[in-house]
Every structure is written in C-alpha cells, then in structure tokens.
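Please read them with the structure open beside you.

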Amino acid sequence: MKIIAVTACPTGIAHTYMAAARLETTARNFGHEIKVETQGAMGIENKLTEDDIRQAHIAIFAVDIEVEDRDRFNGVKVIQVPLQEALKNPENIFAKIQR
Amino acid sequence: LSSGLHARPASQLAEVANQFASECALTNLRNGLMANGKSVLGIISADIRHGDRCTVHVSGPDEHSARGALRRFVEEALPQCDVPLAGSSSAIRSSTPPRCLQAAGVDCIFGAPISRGIAQGKVVIVGRMALPTHVGTPVATDPQRELERIKGALTAVRQRIVEKLKYSINSNGVAILQADLAMASDVSLAEKLTEHVLSGKSAGQAVVETGEFFIDLLRHSESEYIRERSADIEEICLQLLDEVYGRDTRKPTCELCEPSVVVAETLAPQQLLELDRRWLKGIVLEYSGSTSHAAILARSLGIPALVGVQNARLVLTPGDEVIVDANRGFLIPRSSPAVQRYYERERRTLDRRKEAWSRQIEEPAVTSDGKRLEVGANASSPGELTLAFENGADGVGLFRTEMIFLGLADAPSEEKQFAIYAEAARTANGRPVIIRTFDIGGDKEVPYLNLPAEDNPFLGYRGARVYAQYQQLLQSQLRAILRASALGQLQIMAPMISSLEEVLQFKAAISQAKQDLTRKGTAFRPDIKIGIMVEVPSVAFILGQMCAEVDFFSIGTNDLSQYFFAADRGNPKVAELFSVRHPGFLRFLKQLVAEIHQAGKWVGMCGEMAADLRHLPLIFGIGLDEISLPAAEIPEFKKQIAKLRAADCEDTFDRAIECRNTKEVDDLLNRKQRLQAPAPVLSEELVLLGSTSQTKEEVIHEIVDAFYIAGRTEDRHALEEALWAREAVYSTGLGYGFATPHCKTAAITADSIAVLRLNQPVEWNSVDREPVCMIVLIALRDPETESRHMQVFSTLARKLMNDEFREHLLKVGTASEVTTFLARQLGLPGGRAEGDP
C-alpha cells in the first residue's frame, strides 16, 4: 500500500520528527511504502508532491495542530490521530488501515 | 524631571534660593500646594510631579538677581538633576516558587529582592521606630529656654553629620549623610520646631510633633522616592531627641544573639547599623522601595534583603526559623526536609557556578591565537576595587580622584587622601593601580578653588593646566600618592596634557614631593611610574619627545575624539560628525600606538571606546597593551577575547581604515560578528550521569542549574518555566525509559543539548506509563541564530526512535563519551571516538 503522512506538534522541535521516524519504521515493518512530511520548526520538509498525493491510498495526519496547506489532500482518504498516538501505538494506526 | 521634583533637585533649588535674602514662594498649580522655595522639605511636600505647572514668586531686596539665578537654574541645571542614586540593581521578581518547592507543597511569601543572597535565621521582629512620646514633659514654661535647646540640638546634629562626612569615603555613605545634612538644615523644619515651642510645648514634644507632621506629609506623596525619605526625617528627629535628652534615653533597636532575620515595617539607617552584624543574616521589610537608605546600606553590607513583603510582621512568628531567598524574591516561613534538600542543592549549584566563573575570570585575557591584552578596571573609590578584582581585573587602568575633591567646602587633607590611596594599594595586592591626579576645570564646581566659569570649559583652564596655580593642592595629592606607593604598585598619571612643558612641570612637582618625603624620612616607591593621558591631539605629534620623559600613556577616547573632530559629544546637532569608529580616528590611534611602541613604552585605553564589546576587533587592530573599563563588564570581555583571533582582528582593522565612513566600518564589524562561532551545542558540562534527583521537578531543576553553572543562562526561572510550559501540553516521556523535554527560549545564550542519566528512575507520565531514567533535553535559542542546529535537533529526535541509539546512551560510561558519541551521530565536530555503533 502507498501511504503518505504529515506530522506536526506545537513546538516543532522534537515530537514532529520522532513521530515521523516512528511511522517510517512501522510502515516498513508492515510492508508498506510511506513518505512522511514534517511540519516543524524548520518549516515543511520532505514535502509531499502532487504525484505523491494522487498515488496515495491513504494519508495519516499525526498532528496536534492544524495541517498546513490542507487543501492539497482533498479527495484523499485521511486518518487523523493525535501525534502521541503515533509514538505510543503506531501499530494500531496501521492495523486500522488494513481493516 | 521624570520622577518629579524629588529630594536631590529640590535641595539644589533650595540652595540657589538660599543665596538671596528675598522670599521665594513656589506654587504647584495642579494641587494648589504652596512651598517655601528655600526649604527642601517644603518643596518636596508640594508633591510636584512630571508635567505639573508651577509658579515661582520672588519678592525682597534682591529679587531681581534672585529671579535671574532661579531662571538660569531651571533652564540649565535642573534638567541635569535627575541622575538616579547608585546601586538600585534591577530586581528580578518571580511570582511562582520554583517547581520543586511547589511540588512539595511549600508556602512562599513574595517580596522584591533589593540585596541578593540567601539567608537563614530566626525571625526577630523590630517595631517601627516610634518617636518616644513620653520622654520629658510635653509642655514647658519658658519658651525661650526651649528654643535655645532646639537650636543647640540642631547645630549639634548638623555638626555631627559634617564630622562624619569628613571621615566617610564610601560614596553611598556620603550621599546618605549629605541628604541627612540637607534635612537637618531645612528652614521648614526649623520653622515648624520654633512654631511648636513658641506655642508652649517642650523642646522634646516639639520634635515629636514636627517629626510626625513631616513624616505624615511625605508618606502621602505620590512619589515612592519621597515616601521613603520619611525614614530619613525620623532619623533626624531621633538624633534631635538624643541631643535634647541625652543619648541614654534611647534603647538600642534590639539585641541579636543567634543567626537572625530581622523583620520590620521599615528600618532607619541608624537602626540597621546598630544591629549586630555577626548575627544579622537577612532583612525583610513590609515597606517597598529600592531607593531607601536602608536598602542601599543592605546592599553595600551584602545582607540579603526583601522589601514590599506585605504583613510580614503579622504572618511571621518571632523565633521561627525562616529562609530568605533574595535571589528569587521570596521567603519561606517554615522549613521542612524538602526545603532543606532544595537549599542544599541550591548552595552546591551556587558554589559550583562561582568556582567555574572564577576559574574563567582569573585567567588572563588571551585570544585563541595567543595574543594577550591586559584588562583593567576604571574606578573612583577603593570600594569599587574589590568588585574589580573579583571580576578578574589585571589592574586599575584609571583611578579617578576628582570625586575626592568635589562636593566639599574645603580641600581634602593629605591624610584623608593617603587613607584612600593606601586602601586602593592594599586592595590591589600587588597589581598596578594608575592614579590620575585631579582633573578639575571650569565645568566642575569646586568652591575652594574659585575657578571662574568659562564660556568653553572643554577648551579652557582645566586638568594639568591649573596645576601651576594650585601647587599646594597638587603637592599634597602627590605626597599622599607617593606615601601610599610604599604599600603597592601605584602609578601616577597626569590629565589633559597638551605640551612637553606641562610634562616637565608635572615631573618637577613629583620630584619636589619626593624630596619633601625623603627629608621627613617617609617611605615611598622611588621608581614610581609616571604617565600621561592622551586626550589632546597635539600630544600625538610630539610623541618622540614625550616618550623620553614618561613611562606610559593612556588614551582617553572621550576627549581625544571630541577634540579630533571638533565636535561636542553632548551636542546632538553635531553627533553625526563624532564617532570613535571613524576610519580617520582609527588610523590616528594606530599611528599613535605604533610610535609609542617604537619607543618601547606601554599604552592603554581608558575611554568609553574601550568599554564597548563591539570594538574588541578594533582594539586588537590598534595594538593596545591594555584596556580599562567598568568592573562589571570585565568577565564578559575576557570571555569574548578568548573567542577572537588576533590575526583576524588585524585584518578587520586594516579593512576598517580603508572604509570611507563610520557606517561602512559598522557594517564591516556587524558582518564579522556573525562569523563568530557561538558556543557548541554539545558540552560535557551539560552531561549529568548518575543523578540523584528524585522527582521530575528535581530533574528539570538540576539540568537548568547545569545551564546556569555553564553560563548558558542567567535566568533560571525563565528557562525552567519554558520547559514546564512544554510539559503542560503533554508529557515528553517517549517511552523506553526516555524523556525529551525541550523548549525555545530567549533565556539561554546558545542552542544546547543536555543529557541526564538517573540512578533511580522517576515518574514522568510517559506514553508507556513507565518511569524514565534517561533525559535528553533540547533547548533552542530564541530568536534562532543558526538554523543548522534545528537540523541537528530533528536528527536527534529521529535517532531517539532507534533502539540501538538508545541502548548505547544507556550504557555509555563518561560525559566525554556521551558528547563524542552524540557529536558523531549528529554530524557535529568532535565526534571522532571509536567503538560507536
């Protein structure tokens, strides 16, 4: 499955990147392809392109704040969870997707 | 005046009015209050605030000249009167106790810290110094006799203050005594006393009622400064009562016999001085204000003090053990094991910070490529020298002596001067002290010299130019300096030299003083070094001849630059013409220093140019041997010098003198500033392995303290609260026994990573509900200067999700292994160790 994700937290110093790392490892373990965009103190990094979004089966928003430029994702199925969920139980998120 | 017509301007106004026989009435049109312009008390009681309109009515035999003098005073002198009293350091006031104490449920009572430090002792409550209403009889039968007693008492009190003034050399002490003297000489005070006595009251009763009248008046003033002066009135009234009834009628304030914290509504300076210094550990006052004389005294005696502590006398119980934290601004009324533990840790932190700090400032100032620069202090009293040497001064580059000569009715005696210079020599303990002989001219008023006012005092009769006329005064100063030179390494420097003749005359005067001392068999240093100030450009073009006559030079950039550009520093209309960073001036300084060095002589700089951190690259480019600046600035200068490369500085300087104007030089310096490397993100000082902290609060506090010890924060409270603000969103415990507290704050000096490993895990509300034993803290400086660090931090955050990375951190043995490992993992310099995963 092709998955895209966005992580963002209030300070954008630590958790945005920890969650991104966590989602990447877990997706790999589940055998999915994933690209994670981080919206942190350095701004948007690893930005999801139009192609990325068009080809994605599903988008995960692991965020505690508003996702920047959300309109890009119109037409994509989105699962939104609190960022902590991506740290605590990333497996749950992917299990839900498979269902 | 922004703080209204307060005591000092009022006393100067009254001084002018008192030179004339005419009556002078001052009316505040805002509140209709009228005052006798000859009375300081009267003027300040009229409560004249910023923006109030006032009228002055003058009538009498010399009213015409009186009006002229008053007008001149209001137009010229009055705006200069608003300089605040020395020493009111900015009070850091926190409104919440530290988290560790908060978590332990400790009560804190807040106040404004006006003298820093931490004190512990038993509460001793001192009552307000009430005027003893029952001394003597309230009524008297012979008003004339009572009037004589009052007059005698006033004279005696004034005399005693004048006497004390003669022996007081501490500048704060002098200011307090002078204010007391003004109060004791006030015409309104005398009038009120007379009025009471003539109405049949006894001298004592008259003092009591007069005191109450004025205290009440001042206490209702809108100005905090004037409200605080009521304690001074009280002081004078008490002294008057002592005179009327004899000293013994008053009991000392209280006897202390164990470590004590004195709690009072307010303390008169006399009361404070009467307390036994051995046992006085801390002061808590209900009354607020940092300019009261008690506050100034507490600061100069180094006693921790809080003011503005409401109802302190009601809530504190005599005999209870309390802690006064005048660093943070609160007191703890009841001690407990948690409080003891907190302050034990706090004391260790303060000791370690002091130790780290003193190691750094004791080192000489050397650039990274090995160029040494002496960093001296400017001072004008021996008291300032203690701070200067505590801050790591290599010597005193400029000891001004004008203060000793100003503000006195008569010239200071040789003995008084000797006492001052001797104290300076002893305090310097072998380090050099350059004493500049008096630099007085038409712009400074010295009654006993009778110097005429001049139209253009800066180009007039001043500095060494007046020495020929005041040979005796110069001789007594030179003898005093020479005698004190037997006790230390004193050097003599002449101000405002413009010709070789002046140097020769100055040296002849020194020879004569030496001969006098030799004849009397008094000891002095025969080879005492003699130098001159370089303040007049003419000196720069006769340096060869000057170097043959003197041992050293000190560049006074304030005057030198204004003579160089022919622009008055105080005149905003020509301010643009005037800058010490002008390429022409820089080139001039370089040539000057080069020529002095060619002759093998020493040259320093003691003007304001030397006291600006931005100028350091220029200072090295000019090639000075020494800079001399205010004592408080020295540690920061030493720190910055260590970061510079002299070769870079010389390069910058060479480009600066090629610039076309000051702006181009400024741009060049700003660009240079940005190239300077900030403190590294990783530092062993921020790695704490084997921590014994027991709670989350203690862990965060311990890391914040490490920042403080390492000099990465000066505001621990702000850093701590920034970290807790992030924790409030949700816990930073990320599971696996790890937590990553983080924040973005202006309270730190550099982006930093700190690591703390606990002996016993503590609760952190982690996502997996397990306690944590490893803390990796990230602190980002706001505003962000180097965005590359954010890259480092995000890499670190990602790595923390890696099992191997975490496991390695858990078992690393030493702080240096931690920083090496992290540096390597994060791609930072210094990561060259082997054995990393």
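1. Arg798(B) and Glu24(A) form a salt bridge in this predicted model, and the closest N and O atoms of the two residues are 3.4 Å apart. A salt bridge is counted here when a side-chain nitrogen of Lys or Arg lies within 4 Å of a carboxyl oxygen of Asp or Glu, so the 3.4 Å between Arg798(B) and Glu24(A) falls inside that limit. The count of salt bridges between chain B and chain A is one, while five residue pairs are in polar contact, with both residues of each pair at pLDDT 80 or more.

2. Which elements of chain B give two or more residues to the side that touches chain A? They are α28 (716-729), β23 (742-745), β25 (772-781) and α29 (788-799) of chain B, and the largest share, six residues, comes from α29(B).

3. Taking the two chains together, 21 residues of chain B are in contact with 22 residues of chain A. The area buried between them is about 1,900 Å², and carbon and sulfur atoms give 68% of that area. On the side of chain B, the residues that lose the most area to chain A are Tyr730(B), Val767(B) and Arg798(B), which together account for 34% of what that side buries.

4. Chain A itself has four helices and five strands, and when it is read along the sequence these follow the pattern β-α-β-β-α-β-β-α-α. Of its 99 residues, 51% count as buried. If you look at contacts in chain A between residues at least 6 apart in sequence, 61% of them join residues that are at least 24 apart. Chain A exposes about 4,600 Å², of which carbon and sulfur atoms supply 42%.

5. As background, an α-helix has 3.6 residues a turn, so residues three or four places apart point the same way.

6. What caps the N-terminal end of α30(B)? The cap is Asn802(B), which has a side-chain oxygen 2.8 Å from the backbone nitrogen of Glu804(B).

How values were computed: Residues numbered from 1 in each chain as written. Chains lettered and ligands numbered in written order. Predicted model: local features only at pLDDT ≥ 70, side-chain atom pairs only at ≥ 80, totals over all residues. Heavy atoms only, no water. Buried < 20%, exposed > 50% of the residue type's maximum accessible area, 1.4 Å probe, protein only. Contact = heavy atoms within 4.5 Å. Areas by Shrake-Rupley, 256 points an atom, 1.4 Å probe, with all protein chains shown as cover. Polar contact = N/O pair within 3.5 Å; in protein donor to acceptor, adjacent residues only side chain to side chain. Buried area = accessible area lost by both parts, 1.4 Å probe.
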